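Please consult the sequence and the structure together with the text.

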Amino acid sequence: MTNFSKIIATGSYLPEKILSNQDLEKLVDTSDEWIISRSGIKQRHIIGENESPSDMAYNAAIDAITSNNIDKSSIDMIIVATFTSDAVFPSNACLLQQRLGIGSIPAFDLNAVCSGFLYAIATADAYIKTNMAKTILIVGADAVSHYIDYTDRNTCVLFGDGAGAVILQHSNEPGIYGSELHADGNGEEALHVKGQLKQGKIVGHPFVYMDGKPVFKAAVKSLSHIATSILKKTNHTKEQIDWLIPHQANIRIIEATANHLSLPMDKVIVTVDKHGNTAAASVPLALDTAIKSGKIKRGDLLLLEGFGAGFTWGASLIRY
Ligand code: COA
């Protein structure tokens with residue numbers, strides 16, 4: 001076994017502005033107590049007026065590059081997982097490539113909403129294993145707040161903005177043992193933003209719509225199933241997992257997934273209380289936060305999981 005991709009760097013970025021539960025109490029009929037008990041969220045970061053999603057992606061990428069002494073000219077592909085690009089086109093990956101000033105390397109956006117980072121990890125790993133790239137910058141960056149109606153209490157309490165970055169490089173040692181991806185387009189009605197630009201006009205509702213209960217049930221079922229499946233596929237056991245890094249949407253979904261794996265919560269990375277659900281940024285933000293705090297150490301076995309609109313879901317088992 002000599003053909004792996006390994007995480008050589010991580011980085012992250014959170015916008016300065018914090019929206020607390022108390023702030024939301026002034027906007028909609030909700031309470032700090034309801035939000036914490038139903039979701040575990042205490043606060044979320046909100047992108048600045050003069051800031052763009054690609055700015056957040058750039059800041060996370062620069063953090064990964066500089067805090068890990070990466071030679072940026074070694075990066076030979078960029079994938080940005082996002083559903084909130086600055087523009088209809090070009091992609092945020094192209095904007096990022098231009099700002100980083102790294103040549104004519106391929107760069108593209110990938111949209112699997114909240115599972116986008118897991119889709120990007122699996123995609124990058126496949127490019128590396130087939131020798132089409134050696135060092136790939138992956139950024140999950142979303143300004144979910146751009147699509148939130150702050151009069152809708154069903155959604156406005158749950159989401160936040162941010163960006164997380166990972167650099168994957170070819171390695172003779174593990175690395176990514178394997179990834180698994182799924183989608184079920186039947187989830188469309190429960191979770192969507194249907195608004196779009198047509199002939200210069202917004203057509204359809206341009207805000208996040210969510211029917212929470214079916215999304216909650218689908219998330220718990222899919223994430224529990226995929227965790228067992230990826231362990232089996234890569235010949236690992238749940239006892240070997242050092243850290244579960246799940247999508248940060250709701251503490252109750254996270255606890256149910258951990259419970260299914262019989263993992264104590266002290267082996268689970270939780271940032272949902274401080275970040276809310278940051279869509280494609282959620283898993284890389286949690287990963288980088290746990291690495292920077294010293295929780296995750298080199299050699300640890302990590303199970304990363306994502307679930308999002310589509311529905312889409314994915315997992316990766318990684319030796320850090
Ligand atoms: N404050 C107070 N009350 C609220 C509220 C809020 N912010 N949002 C909804 N409610 C109300 C509803 O109107 C509903 O009232 P009703 O019973 O009078 O109709 C009630 O709370 C629903 O409460 P409950 O049944 O306890 O909600 P829940 O356990 O389903 O939790 C969610 C709601 C949204 C937190 C939960 O369903 C969830 O997390 N879903 C998945 C979210 C997710 O992961 N989305 C992203 C996937 S990427």
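Which ligand atom is 2.5 Å from an N or O atom in the side chain of Lys 213? It is an oxygen atom of the ligand. The model is predicted: local features need pLDDT of at least 70, side-chain atom pairs count only at pLDDT 80 or more, and totals for chains, interfaces and linings use all residues. Residues are numbered from 1 along each chain as its sequence is written, and side-chain values use heavy atoms, with hydrogens and water left out.

**Ligand site**

The ligand is surrounded by 23 residues (near means that a heavy atom of the residue lies within 4 Å). Thr 30, Arg 38, Lys 213, Asn 250 and Arg 252 are the closest. The table lists polar contacts (pairs of N or O atoms within 3.5 Å).

| Side chain (N or O atom) | Ligand atom | Distance |
|---|---|---|
| Thr 30 | nitrogen | 2.7 Å |
| Lys 213 | oxygen | 2.5 Å |
| Asn 250 | oxygen | 2.6 Å |

Taken alone, the ligand exposes 970 Å², of which the protein buries 73% (Shrake-Rupley method, 1.4 Å probe).

By class, the shell around the ligand holds eleven nonpolar, seven polar and five charged residues; Asp, Glu, Lys and Arg count as charged, Ala, Val, Leu, Ile, Met, Phe, Trp, Tyr, Cys and Pro as nonpolar, and the others, Gly among them, as polar. At least two shell residues come from each of helix H2 (32-39), helix H6 (153-156), helix H7 (212-233), helix H8 (251-260) and strand S14 (301-308). Helices (H or I, at least four residues) and strands (E, at least two) are DSSP runs numbered from the N terminus. H7 gives the most to the shell, with four residues. Because domain 1 (4-173) and domain 2 (177-319) both give residues to the shell, the ligand lies between them; the domain bounds come from an automatic or database assignment.

**Sheets**

Strand S6 (residues 135-143) and strand S7 (residues 161-171) pair in the antiparallel sense over nine bridges, and Leu 137 stands opposite Ile 167 in S7.

Another open sheet, also mixed in its pairing, has four strands in the order S8-S15-S14-S13. Its edge strands are S8 (176-183) and S13 (243-246), each pairing on one side only. S8 and strand S15 (residues 312-319) form an antiparallel pair over seven bridges. Thr 312 in S15 is the bridge partner of Ala 183.

Note on methods. A polar contact is a pair of N or O atoms within 3.5 Å; within protein, one must be able to donate a hydrogen and the other to accept it, and residues adjacent in sequence count only if both atoms are side-chain atoms. Two strands pair if DSSP finds at least two bridges between them.
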